[in-house]
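Hello,

Here is the structure I promised to pass on to you. Please have it open while you read, and my notes follow below.

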Amino acid sequence: MKLCLDFGNSQLFGGLVKGREILFRFRKNMSKSISSDEMGIFLREVIRENGYELSTVKKIIFCSVTPEVNHSVKNSCLNYFQINPLALEPGVKTGLQIKYANPTEVGADRIAGALGASEAYPEQNIIIVDMGTATTFDVLTKNKEYLGGVITPGMSIAMQSLEQHTAKLPKVEILKPKCICGKSTVQSIQAGLYFGNLGAIKEICQGLIASCFPDEDVLTLGTGGFSRLFRNAGVFDKINKDLVLEGLIKLEELNR
């Protein structure tokens with residue numbers, strides 16, 4: 001079995017995989033100062049608590065956008081699993097043509113998502129909208145060319161910015177409001193977060209389609225924790241919460 005790990009700016013998202021089936025998923029709030037012992041103990045416990053033996057884990061694959069944790073991740077895999085992990089980093093095979101001016105600048109999670117999308121939805125032009133700490137828009141052609149995309153602040157960053165830089169605006173739960181016209185400060189912030197992002201998704205996706213795929217069919221694909229809020233909003237053709245994990249599964253197959 002394989003352990004697939006996606007280290008984001010604020011959370012770890014992982015899954016235990018048998019073949020291509022994700023047996024279970026887990027999340028953990030992340031600190032850039034986490035030690036290899038903390039990481040190793042957490043991973044061992046989450047596997048055991050879900051009813052699986054540690055000895056069944058034969059491979060570990062990870063991607064990370066926080067370089068500060070990479071050393072701890074690699075040491076935890078070596079010390080607690082006796083496995084040298086495969087990291088999505090420059091030099092590994094992805095099967096994608098990265099068209100960025102400097103390919104090493106592309107976040108590993110964005111490459112993993114594009115790899116997962118190309119595998120799950122082959123021979124399609126795709127715009128991937130990953131709604132996490134940041135909201136990223138990635139453009140992938142049916143020929144597996146990664147063209148680039150757009151990065152905007154995520155919903156949680158926007159909410160934290162309002163709380164930290166204003167005197168009276170509170171921290172609120174991020175959700176889909178019933179009405180765009182808020183009847184309280186909390187409702188007004190929630191409406192701004194939701195409908196502001198809804199408008200941004202529509203505008204950016206329309207612009208990317210016009211710029212990159214004129215007169216071609218395009219699949220708009222949502223992923224990331226906040227994408228579920230927009231499930232029935234008419235902006236995504238599909239939502240795939242496991243896109244990065246599926247990309248890591250494919251990465252291991254390509255680099256055996």
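A word on terms to begin with: a residue is called buried under 20% relative accessible area, exposed over 50% and partly exposed in between, using a 1.4 Å probe and protein chains only. Please keep in mind that this is a predicted model, in which local features need pLDDT of at least 70 and side-chain atom pairs count only at pLDDT 80 or more, while totals for chains, interfaces and linings use all residues. Residues are numbered from 1 along each chain as its sequence is written, and side-chain values use heavy atoms, with hydrogens and water left out.

Now the salt bridges, meaning a side-chain nitrogen of Lys or Arg within 4 Å of a carboxyl oxygen of Asp or Glu. The structure has ten of them.

One joins D242 to R25, with 2.8 Å from N to O. These two come from distant parts of the chain, 217 residues apart: D242 sits in the loop between β11 (238–239) and α6 (243–254), and R25 in strand β3 (residues 21–29). (Helices are DSSP runs of H or I with at least four residues, strands are runs of E with at least two, and both are numbered from the N terminus.) D242 is buried, at 7% relative accessible area, whereas R25 is partly exposed at 37%.

Another pairs E119 with K250, whose closest N and O atoms are 3.5 Å apart. Because E119 belongs to helix α3 (residues 108–120) and K250 to helix α6, this bridge ties together parts 131 residues apart in sequence. E119 is partly exposed at 28%, and K250 is buried at 18%. Both also belong to a salt-bridge network that links R20, E119, K250 and E253.

Finally, a helix pair. Helix α1 (residues 36–49) packs against helix α2 (residues 67–81) at an angle of about 55 degrees, the axes being 8 Å apart. Axes here are lines fitted to C-alpha atoms, for helices over the stretch in contact, and angles run from 0 to 180 degrees between N-to-C directions. The angle makes α1 oblique to α2, a label for whatever is left once angles under 35 degrees count as roughly parallel, over 145 as roughly antiparallel and 65 to 115 as roughly perpendicular.

Best wishes
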